[in-house]
Amino acid sequence: MKKQPTTMTMLTLWVGVWMAASTILVDAQSNLSNCEEKPQRSRCQRACKCDCSDYWNTDTFCLQVCNDIDNGSPVDALSWCSDYNVADDCDQYDSNWSDSTIQSNLHINYMRAYGRDFSLNFFTDTARSELLPLAVIIHGGGFNSGSKDNCKIVESAREFASRGYRSVAISYPLCGAYWNGTNVTENITAFGSDGPWHAWDAEEPLYPPGVGQQHPQCIKGASSSRAHPEQYAQSHEVANRAARYAIQYAHSRAEEWGIDVEQTVCNGASAGAITCYEMFLFNTTVRFRPQNTGLEPVPDLDQIKINVAAGRAGALVSPEVRAVTEDTVAAMAPGAAVYDLHGDEDTVVDISKAQFLVETMEEFLIPAELDIATGEGHSIFEYQFNKTHPERLNTMFDFIELYLSGNVGEDDDVDNDDVDNDDDVDEDDDDVDNDDDNSVCEDDDNAIKFLAASRTPPVFVNGCRQVARKGGCSKTIVVELCCQSCANFWK
């Protein structure tokens with residue numbers, strides 16, 4: 001007869017399983033204990049490479065490392081990582097940057113805030129000596145985690161540099177730098193009266209960098225139920241302000257770095273994309289309950305304009321917090337445009353929030369494009385940077401270059417000039433010319449939206465330009481509805 005396991009035996013088995021799991025969790029910590037003395041150990045260097053973002057960190061080793069430093073940047077928090085060359089270690093997407101003319105200049109301090117230093121990484125093509133537009137790359141991570149030093153951000157910055165931009169990837173104050181916590185169900189106490197906000201110009205940090213650098217309310221991200229809703233609304237303002245300081249710093253080195261200060265692009269993912277759209281739409285005068293944050297307007301920063309904001313998985317803040325108005329639009333760069341690539345199965349930032357962004361832009365006649373990645377979720381870096389589908393990345397860069405150049409509609413102007421200046425046209429042809437003038441080639445954006453929405457399943461588009469740029473002009477019905485866009489964009 002088969003012997004049944006005793007209670008003691010079962011207990012022993014459970015203890016064994018628990019100890020094995022615990023060993024995995026403490027593995028990182030125990031093996032990092034002597035990294036100060038032996039920083040070149042493989043595990044010590046591996047820790048420097050961890051991408052501490054709540055949304056896509058699935059590596060067990062890195063989960064523990066990031067937990068120990070409260071999802072900060074290993075390069076900033078772990079002393080032995082200070083000399084770690086993230087650019088060398090991030091050449092992992094078959095781009096072969098080591099054989100290119102793209103140069104990396106890492107960890108350049110650009111500002112001090114909340115008692116801490118914040119830095120940027122600068123990427124440039126040394127083969128180009130002319131002035132080039134500036135691209136600001138902003139990491140995501142729920143405004144409580146993430147880093148300029150993760151490989152996705154490094155790859156993005158290098159890609160921009162290779163396409164004719166001087167690019168900077170920035171760090172910025174996350175929740176743990178300024179938030180000291182308060183009851184999430186109560187109103188925030190005014191700044192300067194024992195409120196939860198640390199001062200922007202504080203001499204000392206709220207928490208020391210490294211282990212324990214965040215209040216517990218920051219651990220799960222600014223949008224979690226543990227965080228105060230006002231703090232989440234205001235975290236965007238902090239990132240917006242920091243990014244403007246980064247641009248100001250880059251402009252101060254414009255001659256040395258070869259930057260065209262009149263052309264600026266912002267690119268980011270998730271919280272980074274949200275920050276780009278904030279900076280694109282709102283300057284430092286547009287604030288939510290500033291009596292609580294202590295943040296004052298900075299006129300010098302408000303001179304900085306974003307010409308094109310292009311992100312992944314971004315959204316527009318609620319109008320109850322900061323609303324787009326005629327006044328805010330008037331303060332933007334003339335001809336500014338916005339692009340968002342979004343997965344239709346994103347469960348972190350629902351696609352409806354990106355649709356709201358585009359609809360709001362349309363209301364104020366701001367060019368906007370929502371590029372939908374069918375079947376994709378929140379983390380869509382691999383989707384966009386998939387080298388077997390170069391058109392995915394090219395779509396974004398084509399949009400940026402179109403609006404950055406200011407050549408929108410230029411083809412139409414050329415055609416009109418040709419007609420006006422054609423001295424060889426006989427007066428007898430006036431009737432023909434008039435007929436042509438009466439049959440202007442125009443887009444019917446409402447019709448193309450209706451057509452897309454009537455499909456099964458429905459498809460959201462924001463107009464003829466987007467459909468034409470995505471190759472829709474291969475269909476006769478699209479050519480009929482989007483005559484002008486198909487003439488301009490279809491190759």
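In helix α3 (residues 60–68), the buried residues are F61, C62, Q64, V65, C66 and D68. Buried means under 20% relative accessible area, exposed means over 50%, and partly exposed lies in between (1.4 Å probe, protein chains only). Helices (H or I, at least four residues) and strands (E, at least two) are DSSP runs, numbered from the N terminus.

This is a predicted model: local features need pLDDT of at least 70, side-chain atom pairs count only at pLDDT 80 or more, and totals for chains, interfaces and linings use all residues. Residues are numbered from 1 along each chain as its sequence is written, and side-chain values use heavy atoms, with hydrogens and water left out.

Both ends of α3 have a feature. D59 caps the N-terminal end of α3, with a side-chain oxygen 2.9 Å from the backbone nitrogen of F61. D70 follows α3 and has a positive phi, near 50 degrees.

Now the whole chain. The protein chain has 21 helices and eight strands. Of its 491 residues, 51% are buried. Its accessible surface is about 23600 Å², and carbon and sulfur atoms hold 49% of that. This area comes from the Shrake-Rupley method with a 1.4 Å probe.

The strands come together in a sheet. Eight strands form an open sheet with mixed pairing, in the order β1-β2-β4-β3-β5-β6-β7-β8. Its edge strands, β1 (102–113) and β8 (368–373), each pair on one side only. Two strands pair if DSSP finds at least two bridges between them. β3 and β4 (residues 166–170) run parallel and are joined by five bridges. I138 has I170 in β4 as its bridge partner.

| Helix | Strands it lies across | Angle |
|---|---|---|
| α10 (residues 271–281) | β3, β5 (259–269), β6 (308–312), β7 (337–343) | about 140 degrees to β5 |
| α15 (residues 390–405) | β3, β5, β6, β7, β8 | about 165 degrees to β7 |

Axes are lines fitted to C-alpha atoms, for helices over the stretch in contact, and angles run from 0 to 180 degrees between N-to-C directions.

H139 lies in the loop between β3 (132–138) and α6 (151–162). H139 counts as buried because its relative accessibility is 2%. Not counting residues up to four places away in sequence, H139 touches residues including S145, K148, I170, Y172 and A271. Contact means heavy atoms within 4.5 Å.

Terms used. A polar contact is a pair of N or O atoms within 3.5 Å; within protein, one must be able to donate a hydrogen and the other to accept it, and residues adjacent in sequence count only if both atoms are side-chain atoms.
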